[in-house]
Amino acid sequence: MGFAMSSSKHVSVFFIFVSLALNCFQNFGSNAQLIPQDEVKLLQAISDKVENLNWKVTQRSCKGDGGFDNRNISRDRDQVTRNVTCDCSFNSRTICHVTSIALKGINIAGAIPNEIGNLTQLTILDLTRNYLNGSIPKSLGRLTSLVTLSLLGNRLTGSIPSEIGDMASLQELNLEDNQLEGPLPPSLGNLSNLLRMLLSANNLTGTIPEAYGNLKNLMQFRIDGSSLSGKIPSFIGNWTKLTRLDLQGTSLEGPIPSVISDLTNLTELRISDLKGPTMKFPDLKDLKSMLKLELRNCLITGTIPSYIGEMKSLKTLDLSSNKLTGSIPDSFQDLGKLNYLFLTNNSLSGKIPDWILPIKQNIDLSLNNFTETSASSCQILDVNIASSHSPSANTSLSCLKRDLPCSGKPQFHSLFINCGGPAAEFEGNEYEDDLSLRGISNFVQSNSGKWAYSSTGVYLGNEKADYVATNQFSLNINGPGYYQTARMAPLYLNYYGLCMLNGNYKVKLHFAEIDFSGDHTYNSLGKRVFDVSIQGITYLKDFNIVEEAGGVGVGITREFNVNVTDSTLEIHLSWAGKGTNAIPIRGVYGPLISAITVTPNFKVPSNGLSTGAIVGIVAGACVLVILILFVLWKMGFLCGKDETDKELLDLKTGYFSLRQIKAATDNFDPANKIGEGGFGPVYKQYEVLKHWGGYMAPEYAMRGYLTDKADVYSFGVVALEIVSGKSNTNYRPKEEFVYLLDWAYVLQEQGNLLELVDPSLGSRYSTEEAMRMLQLALLCTNPSPTLRPPMSSVVSMLEGKTPIQAPIIKRSDGAQDIRFKAFETLSQDSQTHVSSAFSQDSIEQSSKSMGGPWADSSISLPTGNDYSSTNKLI
């Protein structure tokens with residue numbers, strides 16, 4: 001019996017021990033807080049179906065065993081996040097469930113697994129900026145606890161499942177920047193708790209369902225860049241809590257409904273590119289909290305209401321591309337927080353207010369019809385007023401007038417611009433640099449004066465985004481180097497060809513998308529869409545570089561033939577609200593261009609006289625000379641009956657007979673005696689050569705040597721007269737200069753040869769053509785016949801095929817050209833030649849001593865270089 005009692009005690013102790021052990025085990029399990037096994041399998045299945053996820057899920061993964069590979073990948077958690085969180089409060093804190101999956105910017109790929117719809121405790125599913133494809137699973141509709149669903153920036157296709165309307169707890173739905181299509185499901189109107197509906201940059205069609213009028217808690221509604229059509233619904237007046245409304249680049253029709261005035265909580269309103277009729281400015285006077293107001297290309301007419309100046313918190317005002325008239329309200333100067341004002345492309349008039357010009361904010365008033373301004377330039381700080389005045393405005397700045405008319409004579413006929421890049425040579429053409437980094441409200445003229453660009457806009461969601469693109473993703477770009485850079489703009493980018501000759505041009509626009517990557521990441525998913533017009537005609541609508549070129553980093557050229565009729569070429573690139581604007585980051589969108597090539601489709605005329613015209617004029621002049629000679633001969637002035645003239649015209653060598661000297665001095669008439677020389681009296685000669693001395697080559701006029709080079713000399717004189725508009729023999733600019741050719745050599749020595757150009761031409765001539773003609777004239781009139789070019793070479797030089805190197809002949813040299821001395825005396829003595837002769841007595845003495853009759857003897861001219869004005873025989 002004692003034994004029995006002892007055994008009973010042992011059994012009791014044993015049961016007590018087991019009970020304590022079980023209790024300890026239970027406590028241990030409670031502290032473990034495990035994920036249910038079926039959920040572990042579910043999570044692992046998700047990981048196995050999604051590329052680059054690589055989960056190793058266990059029951060303890062919620063407690064930090066590394067199974068979810070949570071880590072801080074980037075400081076910018078809004079851009080890159082890898083984090084799974086759990087709630088372990090279930091079943092007396094013994095069970096954990098996954099409640100948040102945030103996988104942002106880590107490039108997971110593949111389809112979204114249906115299994116996610118079984119994670120019934122999920123409240124956040126954020127798969128922003130990845131490489132997911134396929135459709136949105138209908139199973140997500142079972143996530144009735146889900147508060148946030150963000151699938152922004154993927155490759156999702158198909159329609160939006162109507163089952164999403166079953167997510168009763170949903171507060172944020174973000175499906176932006178995908179490839180979703182089809183109509184909006186009316187069931188989304190059941191999401192009574194929805195605060196944000198973001199559907200921009202998809203291919204959605206149809207109208208906005210009436211059921212969406214039930215979304216009375218809605219605070220943001222964005223559908224930019226979709227193809228939704230119909231009128232802007234009046235039920236938006238039910239969204240009285242709305243703070244942001246984005247309706248840019250849709251196919252919606254105006255007018256903006258009057259109920260917009262009921263949305264008094266609005267801080268951001270963006271509507272653009274409306275279809276339909278024109279409308280008056282909407283009533284927004286009660287929207288006092290407005291920060292950003294953008295009503296662009298909405299067909300708004302009339303004046304800008306002054307109450308806009310009462311929106312004291314306004315930072316951005318964009319009313320561009322409407323039909324607004326009148327002046328800028330004075331109340332605008334009270335907008336103390338305004339950073340950006342875009343009024344470009346309207347019909348505003350009157351005077352540009354003086355308070356605008358010195359302002360430090362970004363303001364664009366270009367493309368308007370103002371009539372007056374106190375501005376002294378077209379870009380003042382960050383205020384762009386280029387092309388802002390009517391053509392009839394009273395201003396001396398041509399860049400202020402609409403369409404940028406040429407202030408002088410149009411002269412340019414080609415453009416080569418490396419947009420956003422440095423100067424370089426491509427395909428044999430010198431492309432000018434375009435390196436300015438400015439673009440919010442800027443007008444920038446090139447150093448050459450041939451072109452300018454005007455850029456407008458601030459990037460949505462990223463005010464610090466760049467206006468010049470580079471190859472940041474190290475793309476393998478083939479082709480010309482201008483594809484390595486590009487100029488961009490968020491709204492408008494205009495390039496102007498200035499002072500161009502009127503005619504038809506070939507315009508080549510070169511594009512290459514270099515702001516997206518070419519790999520299998522979300523960086524490659526951007527979709528840039530913009531329009532291009534030239535001379536006001538749209539040539540490219542909804543242009544997508546990547547689609548047209550067949551990939552990123554691939555150059556593509558679009559070629560057009562356009563007419564220039566008013567000396568200005570305008571290439572206009574614009575963003576109409578379409579495409580993505582948040583890939584790879586927010587603020588990447590709008591027009592982009594790599595280079596511009598413009599060449600004429602016509603033969604470019606010379607700014608001066610053409611080669612053909614010059615040759616024709618010279619030929620005509622020669623014919624005229626021959627005709628005049630013939631007339632003079634017929635009248636007896638040349639080779640006629642006058643024996644005196646006949647004798648003088650027989651002067652063909654450097655030797656003179658007594659008969660010639662008698663004829664030259666009218667038989668030593670005392671009336672012709674002008675003084676005593678070293679050898680006797682000095683007589684003046686008759687004016688036989690006065691008509692033609694200015695055109696005769698010196699070797700013929702002085703020595704009687706006649707060669708084909710004498711014609712070249714005459715051509716040079718005629719060419720000089722054509723360019724200068726002056727006579728060679730009658731023009732004396734100063735007392736010390738004998739005639740035009742004399743003055744030409746002096747100006748050449750001084751480097752001022754262009755002073756010879758006919759002043760009546762003003763600036764309406766080509767300096768290059770003029771200099772070519774003047775240098776050729778001097779080359780043709782070289783004192784040495786052997787240094788003059790043959791006429792065939794003259795023609796080649798006129799055509800620009802052979803360079804011209806006119807020799808510098810200094811008038812002050814000791815070895816002066818005999819022409820200068822001859823014409824000095826000619827000019828000083830009424831254009832007559834001077835003859836130095838011995839007295840009759842001395843001549844007779846000399847003839848006797850020489851043992852022969854003087855009449856048959858001759859006197860040789862000195863051959864030295866000392867031709868003083870008092871010792872000259874001609």
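Tutor: A residue is called buried when its relative accessible area is under 20%. Keep in mind that this model is predicted.

Student: Which way do the residues of strand 16 point, and are they buried or exposed?

Tutor: In a regular strand, side chains alternate between the two faces of the sheet. Here Glu 268, Arg 270 and Ser 272 point one way from strand 16, while Leu 269 and Ile 271 point the other way, and all are buried. Since 5 of the 5 residues of strand 16 (residues 268-272) are buried, the strand is largely enclosed by the rest of the structure.

Student: Which strand is joined to strand 16 by 4 bridges, and which by 5?

Tutor: Strand 14 (residues 244-247) is joined to strand 16 by 4 bridges, and the two run parallel. Leu 245 has Leu 269 as its bridge partner in strand 16. Strand 18 is joined to strand 16 by 5 bridges, again in parallel. In strand 18, Leu 295 stands opposite Ile 271.

Student: Where does Leu 284 lie, and what does it touch?

Tutor: Leu 284 lies in the loop between strand 17 (279-280) and strand 18 (292-296). Leu 284 has a relative accessible area of 0%, so it counts as buried. Leaving out residues up to four places away in sequence, its contacts include Leu 269 and Leu 295.

Student: How far apart are the end C-alpha atoms of helix 11?

Tutor: They are 20 Å apart, which agrees with the 20 Å that 14 residues (767-780) should span at 1.5 Å a residue. At the start of helix 11, the backbone nitrogen of Glu 769 has a side-chain oxygen of Ser 766 within 3.2 Å. Glu 769 is also among the buried residues of helix 11.

Note on methods
Residues are numbered from 1 along each chain as its sequence is written. This is a predicted model: local features need pLDDT of at least 70, side-chain atom pairs count only at pLDDT 80 or more; totals for chains, interfaces and linings use all residues. Side-chain values use heavy atoms; hydrogens and water are left out. The expected span of a helix is 1.5 Å times one less than its number of residues. Buried means under 20% relative accessible area, exposed over 50%, partly exposed in between (1.4 Å probe, protein chains only). A polar contact is a pair of N or O atoms within 3.5 Å; within protein, one must be able to donate a hydrogen and the other to accept it, and residues adjacent in sequence count only if both atoms are side-chain atoms. Contact means heavy atoms within 4.5 Å. Two strands pair if DSSP finds at least two bridges between them.
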